[in-house]
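Reader: I'd like to learn how to read features off a structure, one at a time. Could you walk me through this one?

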Amino acid sequence: MAVWGIGVAVYFVAITYRTSLGVAGLDAAERFHINASALSTFSILQLLVYAGMQIPVGLLVDRLGAKKVLTLGVVLYTLGQFGFALSASYPMALGSRALLGCGDAMTFISVLRLGSRWFPARRGPMIAQIAALVGMAGNLVSTLVLARFLHTFGWTPTFAASAAGGIVVLIVLLAFLKDHPEGFEPPPAAAAHTGAGFVRRQIADAWREPGTRLGMWVHFTTQFPAMVFLLLWGLPFLVEAQGLSRGTAGELLTLVVLSNMAVGLVYGQIIARHHAARMPLALGTVGATALLWASVLSWPADHAPMGLLIALCAVLGACGPASMIGFDFARPANPPERQGTASGIVNMGGFTASMTTLLAIGVLLDATGDNYRIAFASVFVLEAVGVSQILRLRRRAARRERERLVVSRVEAVHVPA
């Protein structure tokens with residue numbers, strides 16, 4: 001638990017940096033003199049780098065182990081956060097967010113790999129949910145602490161001071177983190193497990209599994225509504241479209257984070273005990289999210305009632321835990337030596353959807369004169385695409401998983417004396 005906790009601490013800091021722009025969006029627009037489309041480019045570029053790095057990072061984790069990849073990730077995201085603090089121009093700030101996204105991309109898959117090495121397989125769903133829960137605590141730091149510091153001390157001192165967190169976890173990581181318990185070293189890689197041919201086979205074999213593709217689409221469909229809300233557009237929507245004060249809007253963003261942490265514990269326990277609950281939980285979360293979004297956006301008055309906004313934020317909190325279910329579909333579909341690659345493919349889903357929606361909202365806001373109802377309706381398009389793919393793949397993935405379970409039981413029983 002202590003070793004795995006170091007990896008989770010690295011992920012915690014990464015989430016703090018990733019979501020720091022969510023409470024600084026209006027300040028960034030003023031600092032760099034940019035419109036909504038340019039503001040969304042910050043998060044789009046960061047997520048573009050993040051999503052594009054997922055498969056390479058998965059391959060690196062499978063090949064080099066979690067410690068080396070986490071070390072590189074910490075160095076990159078700390079440099080990115082410090083560069084963002086010192087940015088005086090829009091291009092420099094963009095470059096810093098891209099560097100941050102590259103380092104951030106190396107954290108979560110590495111933490112999943114640590115969990116699979118240090119805990120038994122039956123605890124996989126719960127361990128993954130706890131890792132995500134601690135990550136959301138990093139989001140809580142952004143919405144509560146960073147927002148207050150930004151208001152009190154200003155841009156450069158706030159972001160520069162936050163970069164110190166990366167230095168602290170880097171020191172602890174180098175001193176104490178181990179890839180696996182002693183005596184449980186993975187077998188050395190064979191000569192055939194190197195080169196471009198192996199990389200292509202690794203990716204192709206992971207993608208060929210229906211469970212991997214189903215996991216990617218579950219992640220795609222469930223994660224992005226809350227990610228878009230927390231990462232950039234939640235605060236402007238609540239302040240400019242719903243007429244709330246910054247303080248009240250910050251409290252609602254905090255509610256999303258707290259709901260995420262609470263629901264993550266519940267979902268992890270349910271899935272660890274009842275594997276069949278994965279699909280109902282994923283689709284139920286998507287349905288509830290769509291219903292609450294539609295209710296807020298279609299409310300006849302200019303501003304939705306506070307009770308409805310509270311309900312929306314509470315339901316958005318379930319999106320993160322629901323996205324973790326995608327990894328629970330990919331995990332049993334792939335052998336241990338392919339877990340990093342498969343996790344990278346799954347993790348691309350939600351961040352690709354988030355990047356697409358961030359761009360769509362920014363473009364639609366500029367095109368419609370800041371009409372948030374039209375801009376936020378883009379959420380439903382991606383949810384519809386994702387649900388159609390989930391329904392298409394779910395039976396094939398379930399059948400393949402049953403076949404693997406039968407084979408594993410037979411092999412476990414028929415062991416030569």
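Reader: Where does Thr 254 lie, and is Thr 254 buried or exposed?

Author: A word first: this is a predicted model. Thr 254 lies in helix α12, which covers residues 246–273. Buried means under 20% relative accessible area, so Thr 254, with 8%, is buried.

Reader: Which residues does Thr 254 touch, not counting residues up to four places away in sequence?

Author: Thr 254 touches Leu 140, Thr 143 and Leu 144. Keep Leu 144 in mind, as we will meet that residue again in a surface patch.

Reader: Let's take a glycine next. Where is Gly 135 found, and what does Gly 135 touch?

Author: Gly 135 is found in helix α7, residues 124–153. Its relative accessibility is 1%, so Gly 135 counts as buried. Leaving out residues up to four places away in sequence, Gly 135 touches Tyr 11, Phe 12 and Ile 15.

Reader: How many residues apart in sequence are Gly 135 and Asp 104, and what is their distance in space?

Author: They are 31 residues apart in sequence, and their C-alpha atoms are 12 Å apart in space.

Reader: Is Ser 354 buried or exposed, and which residues is Ser 354 in contact with?

Author: Ser 354 is found in helix α16 (residues 339–368). With a relative accessibility of 0%, Ser 354 counts as buried. Setting aside neighbours within four places in sequence, its contacts are Leu 47, Gln 223, Phe 224, Met 227 and Val 228.

Reader: Now the surface. Which residues form a nonpolar patch there?

Author: Leu 144, Val 145, Phe 149 and Phe 153 form it, and together they have about 370 Å² of accessible area. Phe 149 is one of them, and Phe 149 is found in helix α7. At 38% relative accessibility, Phe 149 counts as partly exposed.

Reader: Which residues form a positive surface patch?

Author: Four arginines do: Arg 392, Arg 396, Arg 399 and Arg 402. Take Arg 392 as the example: Arg 392 is found in helix α18, residues 378–413. Its relative accessibility is 44%, so Arg 392 counts as partly exposed.

Reader: Charges bring me to salt bridges. How many does the structure hold?

Author: Here is the general idea: side chains of opposite charge can pair when their charged atoms come close. This structure holds nine salt bridges. One of them joins Glu 209 and Arg 338, whose closest N and O atoms are 3.9 Å apart. Glu 209 lies in the loop between α10 (195–208) and α11 (210–241), and Arg 338 in the loop between α15 (319–330) and α16, so the pair ties together parts that are 129 residues apart in sequence. Both Glu 209 and Arg 338 are buried.

Reader: With which residue does Glu 209 form a salt bridge at 3.1 Å?

Author: That partner is Arg 400. This pair links distant parts of the chain, 191 residues apart: Glu 209 is in the loop between α10 and α11, and Arg 400 is in helix α18. Glu 209 counts as buried because its relative accessibility is 6%, whereas Arg 400, at 32%, is partly exposed.

Reader: Which side chain meets Glu 401 in a salt bridge?

Author: Arg 278 does, with 2.9 Å from N to O. Glu 401 in helix α18 and Arg 278 in helix α13 (residues 278–297) are 123 residues apart, so this pair too links distant parts of the chain. Arg 278 has a relative accessible area of 8% and is therefore buried.

Reader: Which residues do salt bridges with shared partners join into one network?

Author: The network is made up of Glu 209, Arg 338, Arg 400 and Glu 403.

Conventions: Residues numbered from 1 in each chain as written. Predicted model: local features only at pLDDT ≥ 70, side-chain atom pairs only at ≥ 80, totals over all residues. Heavy atoms only, no water. Helix = DSSP H or I, 4+ residues; strand = E, 2+ residues; numbered from the N terminus. Buried < 20%, exposed > 50% of the residue type's maximum accessible area, 1.4 Å probe, protein only. Contact = heavy atoms within 4.5 Å. Patch = residues over 30% accessible without salt bridge, like charges linked within 9 Å, V, L, I, M, F, W, Y side chains within 5 Å. Areas by Shrake-Rupley, 256 points an atom, 1.4 Å probe, with all protein chains shown as cover. Lys, Arg positive; Asp, Glu negative; His and termini not counted. Charge placed at Lys NZ, Arg CZ, Asp CG, Glu CD.
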